[in-house]
Amino acid sequence: MDASRDTISELLLGWYDRHARALPWRAPPGTAAPEPYRVWLSEVMLQQTTVAAVKDYFAAFTARWPKVTDLAAAADEEVMAAWAGLGYYARARNLLACARAVAARGGTFPDSEDELRALPGLGAYTAAAVAAIAFGRRAVVVDANVERVVSRLFALEEPLPGSRPTIRALADTITPDARAGDFAQAMMDLGATVCTSRAPRCLLCPLAEPCKARAQGEPERLPVKAAKKAKPTRKGRAFWIERDDHVWLVRRPGKGMLGGMRALPDDGWSARGDGSGEGPVAGPWDNAGRVAHVFTHFALELSLAVHLGASAQPEGEGEWWPLDRIDEAGLPTLFAKAARLALAEAA
Ligand code: SF4
């Protein structure tokens, strides 16, 4: 082991022993590793989502499905509804596929990064995180926080995302053989609480001494990011059809945006649509306003058309859902916003 790797991991692990965040899916530093199921579930939930937002979902999932085999046995619709509001719904579908693959091998997660990587929907990051945190395997775990810390530590001028292979190689040089899970979590914590994006708190940082960006000044300038392309905006139309204190809800197709989720009917909001698509009943329609939502690759402006008709019976499959239980429908955020708009209009 070279001196810098020893120094950096010792400084960081010493800091982690004193300052580790207490999180529901974690074990305190230096104690027995948490269950792989809890580590895996939390890591999937935390992708693109904040710790604060994940806590309640993690508690609800582990109370309802305490073991991976319980989750594997759950109905798709139940899990999709429980996931509603966390976003990036492909994660929930992958979560179920993975839970079922683990259940099929006896309910035990494999303990190596390569075997974990072979599970459905389990990407390189999650495989490394579970291998390190749940099984103590030496694995190089790089999330957005770690990218930032490593870029600054080594004063890397190469812009993201092209610099990712370099960042990974540099992270590899400082990852210790022992306590790999604690090291990974320490890097994440340092990025989340000290080496923050806009205002790194270098005076409190255990890595201030070896940090090259701090020595050069302006560490907040790093990591350099390649200019982002502006997101295109799509327009769409959703339909609120109300009859006898119920609203008509449909199930979205399994593949594609918000796949498998319960939703309001809509006009497909395709890239070429102009938001004037036809609804599943003849109308008349009242315009209730617009809902804006930003997805990974585009922004959506959804106009909401409302039809209140005592005899309305839309075409196609769907269900009449009671208005006073709309919060239990498991609508994804986009449609939950539209439902609030429709109900506010009616109030
Ligand atoms: S010294 Fe400052 S820039 Fe360097 S790792 Fe610590 S907080 Fe980040």
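The model is predicted; local features are reported only at pLDDT of at least 70 and side-chain atom pairs only at pLDDT 80 or more, whereas totals for chains, interfaces and linings use all residues. Residues are numbered from 1 along each chain as its sequence is written, and side-chain values use heavy atoms, with hydrogens and water left out.

The chain contains 13 helices and 6 strands, which are DSSP runs numbered from the N terminus (helices H or I, at least four residues; strands E, at least two). Its C-alpha atoms fill a box of roughly 75 × 50 × 30 Å along the principal axes. Of the 347 residues, 47% count as buried; buried means under 20% relative accessible area, exposed over 50% and partly exposed in between, with a 1.4 Å probe and protein chains only. A contact is defined by heavy atoms within 4.5 Å. Among contacts with a separation of 6 or more, 69% are accounted for by residues 24 or more positions apart.

Helix α2 spans residues 36–46. Of its 11 residues, 8 are buried, so α2 is largely enclosed by the rest of the structure. The buried residues are Tyr-37, Val-39, Trp-40, Leu-41, Ser-42, Glu-43, Val-44 and Met-45. The elements covering them include α3, α4 (68–73), α5, α6, α8 (124–135) and α11 (180–193). After α2 comes Gln-48, with a positive phi near 65 degrees.

The axes of α2 and α3 come within 10 Å and cross at roughly 140 degrees. Axes here are lines fitted to C-alpha atoms, for helices over the stretch in contact, and angles run from 0 to 180 degrees between N-to-C directions. The α2 helix is therefore oblique to α3; angles under 35 degrees count as roughly parallel, over 145 as roughly antiparallel, 65 to 115 as roughly perpendicular and the rest as oblique. The crossing of α2 with α3 is right-handed, a term applied if the near helix is turned clockwise from the far one by less than a right angle, with left-handed used if anticlockwise. On the α2 side the contact involves Tyr-37, Arg-38, Leu-41, Ser-42, Met-45 and Leu-46, and on the α3 side Val-51, Val-54, Tyr-57, Phe-58, Phe-61 and Thr-62. By class, this contact of α2 with α3 has 9 nonpolar, 2 polar and 1 charged residues. In this scheme Ala, Val, Leu, Ile, Met, Phe, Trp, Tyr, Cys and Pro are nonpolar, Asp, Glu, Lys and Arg are charged, and the others, Gly among them, are polar.

Helix α3 (residues 51–64) also packs on α5, at an angle of about 155 degrees and with the axes 10 Å apart. This makes α3 roughly antiparallel to α5. Tyr-57, Phe-61 and Arg-64 of α3 make the contact with Glu-78, Val-79, Ala-82 and Trp-83 of α5. The residues of the contact of α3 with α5 comprise 5 nonpolar, no polar and 2 charged.

Helix α5 (residues 76–83) in turn packs on α6 (residues 90–104) at about 135 degrees, with their axes 10 Å apart. The two helices α5 and α6 are therefore oblique to each other, and their crossing is right-handed. Asp-76, Val-79, Met-80 and Trp-83 of α5 meet Arg-91, Ala-92, Arg-93, Leu-95, Leu-96 and Arg-100 of α6. The contact of α5 with α6 divides into 6 nonpolar, no polar and 4 charged residues.

Several individual residues were also examined. Trp-15 lies in helix α1 (residues 3–19) and counts as buried at 5% relative accessibility. Apart from neighbours within four places in sequence, Trp-15 is in contact with Ala-186, Asp-189, Leu-190, Thr-193, Val-194, Leu-204 and Pro-206. The C-alpha atoms of Trp-15 and Leu-190 are separated by 9.1 Å, with the two residues 175 residues apart along the chain.

Ser-163 is found in the loop between α9 (144–153) and α10 (164–174). Its relative accessible area is 1%, so Ser-163 is buried. Residues up to four places away in sequence not counted, Ser-163 touches Leu-156 and Glu-158.

Cys-205 is buried, with a relative accessible area of 19%, and Cys-211 counts as buried at 12% relative accessibility. With a disulfide taken as a pair of cysteine sulfur atoms within 2.5 Å, the count comes to 0 disulfides.
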